[in-house]
Amino acid sequence: MVTSVNPPPQPRISPPELTDAWQQLGPPLPEGVRVRVLCAAYGDPRAAAELVPLLTERQAAGLDPLPAEPAAIAPELLRAHRRAIRALPADTRLLLLLAAADQYPVATHAFLRAVAAAHLDTGALEAAEAAGIAHATASGVVFRDAWTRIAAYESGSSADRRDTHRLLARVLHGDGETPRRSWHRGAGALGPSARLAAELGAAAHEARELGDHLLAGALGERAAALSPDPRERSRLLSRAAADAWHRGEGDRARGLVASSDEGALGGMLALRSGNATEAFDALLTAAVRHARAALEQGSERGVLNRSAGDQGPRSDPPERFGTPDDPYAYPYASRYPHPDSQSSRSVPNPALDVAVHLLARATEAAVYTGDLRRCREAATVAARLGVIPPGTLAGLAAAVEGRYEDARNLLKAAAGRCGPGGDPTLLIHSGIAALLLGDHSGAERATVRAAASARARGETVTVPQAMEFRAYADFWTGRPRAAEAAAADALWQAYATGQDNGACHLQAALAMFAAVTGDGEVCRERAEAARTHARAHGLGLPAALALWALAFLDLSTGRFESAAARLRALAGFGPGHGHRAIRHLATPHYVEAAVRTGDTRVARAAHADYDRWATAVRSPDDLALSARCRALLAPGAEAVDHYRTALDLHSHGTRDFERARTELLFGSALRRLRHRTEARDRLHSALEAFETFGAPHCATQARAELRALGAPVTITSGPADLTARLTAQQLMVARMAAEGATNREIAVRLALSPRTIDHHLRGVFSRLGIRSRIELVRLLGEEGL
């Protein structure tokens with residue numbers, strides 16, 4: 001039974017002094033576990049050093065959730081803080097207990113009112129200030145750190161804590177303060193109470209509606225602790241788990257799910273951090289179970305089946321399905337009905353709503369695995385149940401199966417609808433659909449809105465997902481540094497919120513960005529990390545993306561045989577290995593590599609399929625790339641017209657980097673045909689674009705072609721703006737190094753290896769033409785960076 005609530009994690013805390021602590025922690029932890037340990041420790045190196053030896057083997061490997069209760073995280077640190085607090089005068093301890101109870105685990109903003117109501121003298125806080133434990137301000141008490149606040153709360157006796165909570169409850173009687181008053185009433189209770197548990201459950205719903213998932217989760221957990229009914233306790237814990245997940249506390253959510261009987265919720269958490277194939281099986285099983293129950297209800301009420309877009313009125317479902325006004329009973333359940341399809345019924349059946357949602361998540365799991373069999377199984381089950389998955393997922397499944405016209409129609413419908421009120425999950429799906437259709441500007445708008453909406457709603461867990469797809473939009477629209485920065489930030493947030501599968505996808509994306517910007521070592525490190533996790537968790541999508549990144553690195557450095565071999569391997573799609581959608585997107589690069597190695601038979605077949613997709617979606621960039629493939633496969637002078645068509649189509653698109661690569665290939669073809677003047681112009685244009693992008697390997701290829709022409713090549717030292725000369729990761733490393741951080745300290749902050757940081761610094765020195773950190777400090781100072 002859960003009886004207390006851990007304060008929210010602070011994922012942004014990663015001070016330089018953590019480095020010394022990590023050096024004493026023994027064998028290195030996986031990146032995701034390391035970041036979550038930092039969050040659980042609130043950035044305190046002593047707490048982090050204390051927690052790691054306490055982890056089980058499975059916790060250290062990221063297989064089981066980390067401890068959530070403070071006493072299980074840093075017991076010695078808490079004991080030391082408690083001893084310091086107990087040395088203070090009694091009236092000082094009482095004020096600190098009152099302040100801590102007002103802030104922990106949720107802020108209730110009632111300290112000053114409680115002091116006035118109890119006629120307490122705040123002058124007693126001077127002793128705490130003299131001891132460096134806390135100090136008084138006009139709005140209350142500020143503790144030295146999170147662990148001191150927790151110790152102040154736990155230093156009080158059980159009776160004193162109950163009395164303190166009752167006092168705080170008495171003074172909370174203003175508008176909108178009902179949930180916080182209920183929280184203190186529950187915290188001050190002596191034992192189980194069905195009446196009080198019901199009050200706390202209702203207050204949790206009110207807090208949830210306001211987007212306060214921390215307060216909702218605290219209320220839900222306390223309600224579960226007070227409920228005498230085991231079934232009700234399990235239901236309350238599952239909702240509290242959903243709240244914990246939404247606010248970004250993945251470990252706590254997983255621990256709470258293990259204490260409840262909600263298997264479907266566990267399946268959805270597994271989709272984000274566990275094995276995707278197991279998540280699919282669990283979600284599909286749960287969807288069928290709920291759908292069968294819904295059909296039984298429907299036969300009694302005369303209810304028809306529904307699709308995922310029904311916006312009709314809802315009625316109260318049986319308790320086991322959750323209530324219609326509590327959509328967070330299931331993570332990623334939208335506040336609003338999904339608008340991707342039209343309703344096929346007029347009478348509501350909330351149990352079927354749950355089945356539709358679970359089926360959509362099962363389809364998502366199937367797409368992540370890259371397993372065609374599972375995609376078809378989900379579609380078969382949906383058809384049998386008479387429901388339609390959301391358009392984005394259905395469109396992806398159709399694309400994976402090669403039904404391109406169906407995919408186009410479904411994706412267009414999804415891309416054009418963002419949901420009432422800007423629901424972040426629907427906005428993300430809209431952005432994904434736009435990306436697949438080649439509308440990168442639309443994808444950027446949708447994903448930026450999604451991140452903003454998620455933050456406004458307190459859905460911390462959704463922010464890195466939105467940033468993940470925003471990175472693609474930034475990259476394809478000619479902002480590679482912004483894309484790299486967004487992906488690196490999202491990676492940290494994905495780890496901090498317990499979304500290791502999302503982090504795996506971001507690792508693969510960063511590998512691709514590193515391949516483009518010429519950071520071969522980083523590309524290989526990121527790709528290996530992504531492929532290792534993907535193989536262990538059945539994730540075909542990031543595994544394929546990582547392999548594509550390695551292939552592009554080979555392609556841009558002239559290792560054409562290796563590039564072709566890697567891209568051919570994408571054909572072996574399946575859980576943890578590859579993905580048909582990525583194989584399809586990589587076709588233009590495969591055709592280039594195959595032509596370079598003289599193996600065009602398979603390349604022609606791959607291009608035919610790609611051209612069918614481009615023709616279906618009518619994206620200018622996809623059509624341009626198809627024309628480029630046609631040019632590469634055409635003999636001699638026949639290629640020229642195809643290249644011209646490709647560049648004309650690129651002028652209507654947004655993928656500037658691929659336009660530059662088309663100019664490079666066209667210039668090379670023109671040189672071989674002895675069209676020297678146009679070849680020189682095309683190659684100079686490509687070179688300028690690659691230097692702007694910060695793509696040194698591609699720029700080297702362009703210079704080699706110009707030298708073969710006998711044309712003068714001006715090797716620029718780069719623009720004066722340092723941000724244009726360095727990649728986003730290099731700029732972050734440069735700033736930290738200039739501030740005096742060591743390589744190990746920078747590695748801890750960025751969740752990279754010291755060897756990679758050394759590689760980044762060498763790249764920084766090379767691109768800026770400097771030799772030492774002293775010169776780096778001077779240069780960044782001159783630029784105001």
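These legends accompany close-up views of a predicted model.

**Figure 1. The whole chain, as a starting point.** Let's begin with the overall picture before zooming in. The chain contains 43 helices and two strands. Of its 785 residues, 60% are buried. The chain exposes about 29,600 Å², and carbon and sulfur atoms supply 53% of that area. Among contacts between residues at least 6 apart in sequence, 69% join residues at least 24 apart.

**Figure 2. A negative patch on the surface.** Here you can find D91, D121, E126 and E129, which form a negative surface patch. One of these residues, E126, belongs to helix 9, which spans residues 125–130. E126 has a relative accessible area of 60% and is therefore exposed.

Figure 3. I150 is buried, and its relative accessible area is 0%. Look also for A71: this residue and I150 are 79 residues apart along the chain, while their C-alpha atoms are separated by 9.6 Å.

**Figure 4. Helix 12 and the helices it packs against.** Helix 12 covers residues 178–187, and its buried residues are P179, S182, W183, H184, G186 and A187. These buried residues pack against four helices that you can trace in turn: helix 7 (90–103), helix 11 (158–171), helix 13 (194–209) and helix 14 (213–226).

Figure 5. Staying with helix 12, we turn to a charged pair. Side chains of opposite charge can pair when their charged atoms come close. R185 forms a salt bridge with E199, and their closest N and O atoms are 3.0 Å apart. R185 lies in helix 12 and E199 in helix 13, so this pair ties together parts that are 14 residues apart in sequence. R185 is partly exposed, at 34% relative accessibility. E199 is partly exposed too, with a relative accessible area of 23%.

Figure 6. The side chains of E232 and R235 meet in a salt bridge, with an N to O distance of 2.4 Å. Both residues sit in helix 15 (residues 230–246), where they are three residues apart, or about one turn of the helix. E232 has a relative accessible area of 17%; buried means under 20%, so E232 counts as buried.

**Figure 7. A salt bridge between buried partners.** In this view, R374 and D371 form a salt bridge whose closest N and O atoms are 2.7 Å apart. R374 counts as buried, at 11% relative accessibility. D371 is also buried, with a relative accessibility of 11%.

Figure 8. L506 is found in helix 27, which runs over residues 500–516. With a relative accessible area of 1%, L506 is buried. Leaving aside neighbours within four places in sequence, L506 is in contact with E468, A487, A490, L491 and A494. To place another residue in the view, find P542: L506 and P542 are 36 residues apart in sequence, and their C-alpha atoms are 8.1 Å apart in space.

Figure 9. For the chain, the count comes to 38 salt bridges.

Methods:
Residues numbered from 1 in each chain as written. Predicted model: local features only at pLDDT ≥ 70, side-chain atom pairs only at ≥ 80, totals over all residues. Heavy atoms only, no water. Patch = residues over 30% accessible without salt bridge, like charges linked within 9 Å, V, L, I, M, F, W, Y side chains within 5 Å. Areas by Shrake-Rupley, 256 points an atom, 1.4 Å probe, with all protein chains shown as cover. Salt bridge = Lys/Arg side-chain N within 4 Å of Asp/Glu carboxyl O. Lys, Arg positive; Asp, Glu negative; His and termini not counted. Charge placed at Lys NZ, Arg CZ, Asp CG, Glu CD. Buried < 20%, exposed > 50% of the residue type's maximum accessible area, 1.4 Å probe, protein only. Contact = heavy atoms within 4.5 Å.
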